[in-house]
Amino acid sequence: MTVTSEAELVEAIRSAQAPLSLRGGNTRGMAGPGADLSLAGLRGISLYEPGALTLVAQAGTPVSEIETTLAAEGQRLAFEPMDHRALMGCSGTPTIGGVFAANVSGPRRLAVGAARDFLLGVRFVDGQGNVIKNGGRVMKNVTGYDLVKLMAGSRGSLGAVTEVSLKVLPTPETSATLVLSGLDDAAAIAAMALAMRSPFEVTGAAHDPAQGRSFLRLEGFETSVSYRTGRLKDLLAATGAELEVLDAEPSATLWRDLRDVATFHGAAGDVWRVHCRPTEAPALAAKAGAEAHLYDWAGGLIWLRMAPGTDLRARLGRYDGHATLLRAESAAQTLLPRQEPEAPGVARLTAGLRAKFDPRGIFNAEALALTP
Amino acid sequence: MQMPTPDAGIIARKARVVARLRAALPRNAVIDDPHETRAYECDALTAYKCPPLAVTLPASTQEVSTVLRICHEEGVPVVPRGSGTSLAGGALPTADSVVLGVARMAEVLEVDYDNRLMRVQTGRTNLSVTGAVEEDGFFYAPDPSSQLACAIAGNIAMNSGGAHCLKYGVTTNNLLGVTMVMMDGDVVEIGGGYMDAGGLDLLGLVCGSEGQLGVVTEATLRILPKPEGARPVLMGFDDNAVAGACVSDIIKAGVLPVAIEFMDRPCIEATEAFAHAGYPMCEALLIVEVEGSDAEIDHQLALITEIARRHNPVELRESTSAEESAAIWLGRKSAFGAMGQINDYMCLDGTIPVNELPMVLRRIGEMSDSYGLKVGNVFHAGDGNMHPLILFDANKPGDLEKCEAFGADILRLCVEAGGCLTGEHGVGIEKRDLMHVQYAPADLEAQLAVKDVFDPAWLLNPAKVFPLDVTEGRRGSGASVAA
């Protein structure tokens, strides 16, 4: 069913006798096995103050509607949420609630923070049907516990978010991408680390081993982008890579493709994300033995396309990070937990929070891999 | 301000609790001499004082775990303490509590420039975190004004901000992982040297939980390469509303300054008398700072001054050198000291939507008249974080109470304007009883439920953050366990 008001949602949750599958546009692989409960009917932007960099919207508001509204004022969602549809092989309309439920951030996460860092406030309905608000619409707020962060990335396991309040940022005047060709994985990661250590404010750092090309994005005022591109070229000359600069338009297309992992589109296999220390990424990728891989966040995020059913975690062993199985090729092969299993101390806290916010267990516990 | 009646049963067991702590910890790690525990009787909110039962100064995560396990078994409340610089009473003890100070844990455990992170023990001060990496061109971004003294432990507990968070965010945006000891002594690792831990965002939940969910002993922090340079521009206006509109226009123009600071007339007058910074006498003064290379700074300052000119400033002073930058910042950095020269003051930190600034300042002025207490406003204008400084005379009977009532009215106004009670100082005891103003009972209950999960016996810093009446029945539940 689709609810069109918070009151209807409260009623649907209170009267539920069996597990519910909360969803927005159902494009990010979060929906569980319960009865479908769509929040996509909760739509609309209720407040937008460009001068205060804040926007408040109902959770079911399409991401595209928000992006269009922001663009009209020269602003954007700085954390660059990806569009999962082509990768996940689904249609549907991505919603802003879904972006925050899955804490979806794109390449710019490296420089500006994740979706959760831009979420200022939430309203949600817990598993008992209580309406709860936390945070607000101001950028600095330490009043009580930060349940806003707790709800971000909770994948519908603690509550149904009805309204989000978020921080937006100005869209820079222009952008450019410095392309490095001819580096192997290790050299590319080293080059990206060098760029990230510089004061030149790189807002995207990715490497595609299939093309042997690495990408460094710069954004800002025209004069500043051109100055920093020059300085970065000087800095990276010693890598021996062939250097080329893409201007704003091809740069935008390139980063949209990187954001959405376009090189994996249409290809079979399981899709994994590994979060790790960037410098450890090449060794981890080598251990993974993937059919294809791609580095984002200067190496802090590795996208891997694996043979169906491969237990990537077993191959990687212990490291400082975690692995998420985003897309499993065959439902029969989803015996692997989607999320990295938690250490006992953390798992106890997770289970405790679940029991408090959803004592009847009607929300999506599988989203957190609480069930195998 | 009310604190719960101390548990006489715990005070009667003091000798046993202290003996157990002494037996388990190194020499000098336990203080119970009443002369010495007085050094821990308050934090920077000095209007409230109470010496604790005892003080422990563990030197490792293991020792922290030992202290918490013993206190848990004994049913004794624990008040965690960083450097004791809280302006909200976050580290105020009760007579039946053990203070757990992390000051002896100040090591840098790891510096990793290629991955732009460092790991520190949390007793380390904020400024010395940057101090450990600045020679190599890096810094830790959150910069609360107490940064010389305040500890990372307290920064995490309060989710501290600073003047530069418009660009760099607050503590929670710069924290990658923690080692945290639970009240029962269990040690958990959350996050690490990578971006975005999996599962629920427990890191985000712990940051800003005011020492009520666990004691963070080690932290992995994001560090950043220092910008090539930074320079401010100072502008004066004869109307608060015009200054507010100017801030809004700068932000809308796509310039993202690293700081936008605002001072109102009472604050400018006090500062001039004290620091002689050469500020113009006007209704509102803005200091806007931008970063980059010289040419990038020139370009941004040109855009900003062009916007400012449209608002008819009475003064516009662009810095062209380090000396001029220092002169512009001098008054702002002396503002609190200058107000302190006039009288005792109480510093609030409510946050409002930036566009509500003129209305809020007008109402504060009206309240100032009706309470008969002066107030000056310093303000992180880019992010709406106000710092009204209310002047009062601590030696004059009734003045503190009047000042607190005025402060509470200002905070109610902040919430009414769409903002919140505290932007970076935390709730502590200071704003505890105002939580009802911002949160409905169900909102508070959801937060209490979190503490129930992390600290079921409600022993960690229990008399803070939430109004005492709503935590009644939860607090003190540990004492009966151990009786």
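The exposed residues B:A295 and B:R309 sit on the face of α11(B) that is turned away from its buried side. Here, exposed means over 50% relative accessible area, buried under 20% and partly exposed in between, with a 1.4 Å probe and protein chains only. The structure is a predicted model, in which local features need pLDDT of at least 70 and side-chain atom pairs count only at pLDDT 80 or more, while totals for chains, interfaces and linings use all residues. Residues are numbered from 1 along each chain as its sequence is written, chains are lettered from A and ligands numbered from 1 in the order in which they are written, and side-chain values use heavy atoms, with hydrogens and water left out.

Helix α11 of chain B covers residues 294-309. Helices (H or I, at least four residues) and strands (E, at least two) are DSSP runs, numbered from the N terminus. The 16 residues of α11(B) reach 22 Å from the first C-alpha to the last, close to the 22 Å expected at 1.5 Å a residue; the expected span is 1.5 Å times one less than the number of residues. The buried residues of α11(B) are B:E296, B:I297, B:Q300, B:L301, B:I304, B:T305, B:I307 and B:A308. Viewed down the axis of α11(B), these buried residues fall within an arc of 155°, so they line one face of the helix. The arc is that of the directions from the helix axis to the C-beta atoms. An α-helix has 3.6 residues a turn, so residues three or four places apart point the same way. The buried residues of α11(B) are covered by elements of both chains, including α9 (222-236) of chain A and β12 (230-237), α9 (240-252), β14 (284-291) and β15 (315-318) of chain B. Contact is taken as heavy atoms within 4.5 Å. In the loop between α11 and β15 of chain B lies B:N312, which has a positive phi of about 50° although it is not a glycine. B:N312 counts as exposed because its relative accessibility is 61%.

A helix pair links the two chains. The axes of α13 (residues 344-357) of chain A and α16 (residues 441-454) of chain B come within 9 Å and cross at roughly 145°. Axes are lines fitted to C-alpha atoms, for helices over the stretch in contact, and angles run from 0 to 180 degrees between N-to-C directions. The crossing of α13(A) and α16(B) is right-handed; a crossing is right-handed if the near helix is turned clockwise from the far one by less than a right angle, and left-handed if anticlockwise. From α13(A), A:L349, A:G352, A:L353, A:K356 and A:F357 meet B:A446, B:A449, B:V450, B:D452, B:V453 and B:F454 of α16(B). The 14 residues of α13(A) should span 20 Å at 1.5 Å a residue, and its end C-alpha atoms are 20 Å apart, which agrees. Buried positions in α13(A) include A:G345, A:V346, A:T350 and A:R354. The buried residues of α13(A) pack against β6 (119-126) and α7 (147-151) of chain A, together with β9 (187-191), α8 (202-206) and α16 of chain B.

B:D196 counts as buried because its relative accessibility is 14%. The side chains of B:D196 and A:R109 are joined by a polar contact of 2.8 Å. A polar contact is a pair of N or O atoms within 3.5 Å; within protein, one must be able to donate a hydrogen and the other to accept it, and residues adjacent in sequence count only if both atoms are side-chain atoms. Beyond four places in sequence, the contacts of B:D196 include A:N103, A:A114, A:H275, A:W297 and A:H322.

In chain A, A:E219 belongs to strand β12 (residues 213-220) and is buried at 10% relative accessibility. The side chains of A:E219 and A:R108 form a polar contact of 2.9 Å. Among the other residues touched by A:E219 are A:R76, A:P172, A:T203 and A:R228.

Helix α4 (residues 61-74) of chain B is largely enclosed by the rest of the structure, because ten of its 14 residues are buried. Just after α4(B), B:G75 takes a positive phi of about 70°.
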